Amino acid sequence: MPSSADLPAFTTVTVPDTELASAATQLVRDTTDDLIYHHSRRVYLFGGLQGHNGGLSFDPELLYVAAMFHDLGLNEEFRGSGRRFEVDSADEARRFLQGRGVPEDSIRRVWTAIALHTTPGIPSFMEPEVALVTAGVEYDVLGIGYDGISEADRAAIVALHPRPDFKRRILRAFTEGIEPKPDTTFGNVKADVLERYAPGFERGNFVDTIRDSAWPE
């Protein structure tokens with residue numbers, strides 16, 4: 001299992017060497033595939049680098065746990081939950097942290113960071129851990145702020161956590177994780193995924209919802 005020692009010396013962010021971080025790594029390694037594992041590690045490293053470059057003070061352990069759990073809700077066991085996969089992911093992280101006696105305020109930050117990571121425009125105004133999970137996701141998935149991380153750091157992280165055919169594979173993972181509960185995409189970016197890849201999907205429309213509500217006027 002890669003550790004912080006595997007990162008080249010010119011990177012400024014390392015994986016916390018703590019029992020909590022190790023347990024989170026093992027849980028995610030045991031319950032997800034290589035795609036989600038490597039993506040989650042990159043989210044932490046890219047988010048942490050952006051935090052470091054921006055002078056933000058954040059708790060590396062909390063950021064790491066949030067990054068590692070952020071896509072756990074895409075797993076098959078959650079596809080019948082009827083809830084957004086972000087909430088399933090956040091709830092799993094909360095159970096994990098509560099079982100290890102982590103303070104409630106720290107748990108709240110991790111839960112919020114995961115739950116909001118696909119809701120652009122809000123996390124950047126919240127605690128650093130919340131902002132940086134979204135920043136790491138946006139960097140790895142969307143390429144937002146691509147040139148804000150040095151080519152050397154980017155290459156070192158991708159060498160440690162490769163992303164072969166990542167664009168196609170992550171879109172497939174999103175589709176498989178949320179297609180069984182399409183209503184959970186209303187009002188969020190994952191509706192775009194199902195509109196493109198799920199035959200017969202019809203995205204909800206906010207205007208139609210207002211016009212068709214039970215109010216008589």
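**Figure 1. The largest pocket of this predicted model has a volume of about 520 Å³.** A pocket here is an open set of points on a 1 Å grid over the protein atoms alone, where a 1.4 Å probe fits and protein lies on both sides within 12 Å along at least five of seven lines. Grid points are joined across faces, edges and corners, and the volume is the space filled by probe spheres set on those points. There are 22 residues in the lining, and Val141, Leu142, Phe174, Val189 and Val193 are the closest to the centre; a lining residue has an atom within 4 Å of a point. H6, helix H8 (166-178) and H9 are the elements that each give two or more residues to this lining, and H9 gives the most, with six. Helices are DSSP runs (H or I, at least four residues), numbered from the N terminus. By class, the lining has 10 nonpolar, five polar and seven charged residues. In this scheme Ala, Val, Leu, Ile, Met, Phe, Trp, Tyr, Cys and Pro are nonpolar, Asp, Glu, Lys and Arg are charged, and the others, Gly among them, are polar.

A word on conventions: residues are numbered from 1 along each chain as its sequence is written. The model is predicted, so local features need pLDDT of at least 70 and side-chain atom pairs count only at pLDDT 80 or more, while totals for chains, interfaces and linings use all residues, and side-chain values use heavy atoms, with hydrogens and water left out.

**Figure 2. Leucine 142 sits in helix H6 and is one of the residues closest to the centre of the largest pocket.** With a relative accessible area of 59%, leucine 142 is exposed. The cut-offs are under 20% for buried and over 50% for exposed, with partly exposed in between (1.4 Å probe, protein chains only). Lysine 167 is 25 residues away along the chain, and its C-alpha atom is 9.2 Å from that of leucine 142.

**Figure 3. The second largest pocket has a volume of about 260 Å³.** Its lining counts 14 residues, with Asp33, Ile36, Arg79, Ala173 and Glu176 nearest the centre. H2 and H8 are the elements giving two or more residues to this lining, and the largest share, five residues, is from H8. Sorted by class, the lining residues are four nonpolar, four polar and six charged.

**Figure 4. The largest nonpolar core holds 40 residues.** A nonpolar core is a set of buried Ala, Val, Leu, Ile, Met, Phe, Trp, Tyr and Cys residues joined through side-chain atoms within 4.5 Å. Tyr44, Val65, Phe69, Phe96, Leu97, Val110 and Ile114 touch the most other members. Two or more residues each come from helix H1 (19-31), helix H2 (34-53), helix H3 (60-69), helix H4 (85-98), helix H5 (104-115) and H6. H3 is the top contributor to this core, with eight residues. Take a look at valine 65: leaving aside neighbours within four places in sequence, it is in contact (heavy atoms within 4.5 Å) with Leu20, Ala24, Phe96, Leu97 and Val110. A second, separate core has 14 residues, including Phe166, Ala173, Ile178 and Leu194.

**Figure 5. Aspartate 140 and arginine 42 form a salt bridge, with an N to O distance of 2.8 Å.** A salt bridge is a side-chain nitrogen of Lys or Arg within 4 Å of a carboxyl oxygen of Asp or Glu, and the count by this rule is 17. Aspartate 140 is in helix H6 and arginine 42 in helix H2, so the pair ties together parts 98 residues apart in sequence. Both residues are buried.

**Figure 6. Arginine 95 and glutamate 92 meet in a salt bridge, their closest N and O atoms 2.3 Å apart.** The two are three residues apart in helix H4, so about one helical turn separates them. Arginine 95 is partly exposed at 48% relative accessibility, and glutamate 92 is also partly exposed, at 22%.

**Figure 7. Aspartate 192 and arginine 203 pair in a salt bridge (2.9 Å, N to O).** This pair links distant parts of the chain, 11 residues apart: aspartate 192 is in helix H9 (residues 190-197), and arginine 203 is in the loop between H9 and helix H10 (206-211). Aspartate 192 is partly exposed at 43%, as is arginine 203 at 36%.
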